[in-house]
Amino acid sequence: TKRVAIFLSGGGSNMRALVEDMTGDHPARPCLVFSNQADAGGIAWAKERGIPTEVVDHRPYKGDRAAFEAAITEKITPYKPDIICLAGFMRKLTGAFTDQWAGRMINIHPSLLPKYRGLHTHARTLEAGDTRHGCTVHEVTAELDDGPILGQASLEVHQDDTPETLAARVLKLEHQLYPACLRRFAEGNREPLCIKA
Ligand code: GAR
């Protein structure tokens with residue numbers, strides 16, 4: 001059984017979808033929920049469920065990413081994760097950290113990569129007039145929102161969509177895509193999965 005550490009910064013709805021899928025014959029189990037935000041909703045939820053949690057606040061490290069990442073490594077190492085899932089973890093990681101976890105760390109991003117790396121993906125999709133939008137699960141490399149794609153889920157953009165309505169529909173798709181991709185990844189299957197809504 002693979003041990004999975006999930007990193008988040010916010011509500012953690014993707015983390016919940018991952019944890020809820022990791023039962024029965026699933027090849028992985030959650031070993032840790034980690035956050036840079038002590039008050040992240042996802043941390044409270046994991047605690048209630050009896051899943052170990054750890055926090056390293058990024059603020060005291062003010063730009064010293066190497067020291068921040070060293071602190072993360074120190075906190076997570078005792079849990080012996082095999083896989084790290086970034087699930088709304090809103091801190092950039094350096095190449096030193098991503099190299100250490102190469103082939104063992106995955107992320108979900110709310111756009112159809114390679115389109116719209118970074119923030120405000122829903123607004124940028126609407127501004128561009130795209131007719132389809134969605135989310136991507138990919139292996140994490142040193143470049144932000146880059147790396148081999150493990151799966152994508154797409155939907156149709158509606159005429160009257162706003163960044164908020166799009167975000168809500170894409171988030172629901174994320175909850176389908178991420179567990180499906182983690183399951184495959186834990187089994188060693190890296191063939192991209194394609195979901196069309
Ligand atoms: C999700 O939409 C995720 O794709 C996005 O943050 C949200 C977290 O929601 N991640 C990124 O933008 C990463 N750059 P959640 O906390 O409810 O899972």
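Student: How do the residues of the shell around the ligand divide into nonpolar, polar and charged?
Tutor: This is a predicted model. Glycine counts as polar here, and the shell includes Gly11, Gly12 and Gly88. The shell around the ligand divides into four nonpolar, six polar and one charged.

Student: Which elements give two or more residues to the shell around the ligand?
Tutor: The space that the ligand takes up is the largest pocket. Two or more residues of the shell come from each of α1, β5 and α6.

Student: How far is an oxygen atom of the ligand from an N or O atom in the side chain of Ser13?
Tutor: A polar contact needs a pair of N or O atoms within 3.5 Å. Ser13 is one of the residues around the ligand. From an oxygen atom of the ligand to an N or O atom of the Ser13 side chain, the distance is 2.5 Å.

Student: Which residue has a polar backbone atom 2.9 Å from an oxygen atom of the ligand?
Tutor: With Glu174, an N or O atom of the side chain lies 2.7 Å from a ligand oxygen atom. The backbone atom at 2.9 Å from a ligand oxygen belongs to Asn14.

Student: What percentage of the ligand's accessible area does the protein cover?
Tutor: On its own, the ligand has 450 Å² of accessible area.

Student: How much space lies in the largest pocket?
Tutor: The lining of the largest pocket is made up of 40 residues. Gly88, Phe89, Met90, His109 and Leu119 are the ones nearest its centre. The space in this pocket is about 890 Å³.

Student: Which element gives the largest share of the lining of the largest pocket?
Tutor: The lining divides into 16 nonpolar, 17 polar and seven charged residues. The largest share is four residues, and the element that gives them is α6.

Student: Which residue is joined to Leu113 by a cis peptide bond?
Tutor: Most peptide bonds are trans. The bond in question has an omega of about 15°.

Student: What value is phi of Lys80 near?
Tutor: Most residues other than glycine have a negative phi. Lys80 is found in the loop between α3 and β4. Its phi is positive, near 50°.

Terms used. Residues are numbered from 1 along each chain as its sequence is written. This is a predicted model: local features need pLDDT of at least 70, side-chain atom pairs count only at pLDDT 80 or more; totals for chains, interfaces and linings use all residues. Side-chain values use heavy atoms; hydrogens and water are left out. On a 1 Å grid over the protein atoms alone, a cavity is a set of points where a 1.4 Å probe fits but cannot get out, and a pocket is an open set with protein on both sides within 12 Å along at least five of seven lines; lining residues have an atom within 4 Å of a point. Grid points are joined across faces, edges and corners, and a volume is the space filled by probe spheres set on the points. A residue is near a molecule or strand if one of its heavy atoms lies within 4 Å of it. A polar contact is a pair of N or O atoms within 3.5 Å; within protein, one must be able to donate a hydrogen and the other to accept it, and residues adjacent in sequence count only if both atoms are side-chain atoms. Accessible areas come from the Shrake-Rupley method with a 1.4 Å probe; for residues, only the protein chains shown count as cover. A molecule sits in a cavity or pocket if more than half of its atoms lie within 2 Å of its grid points.
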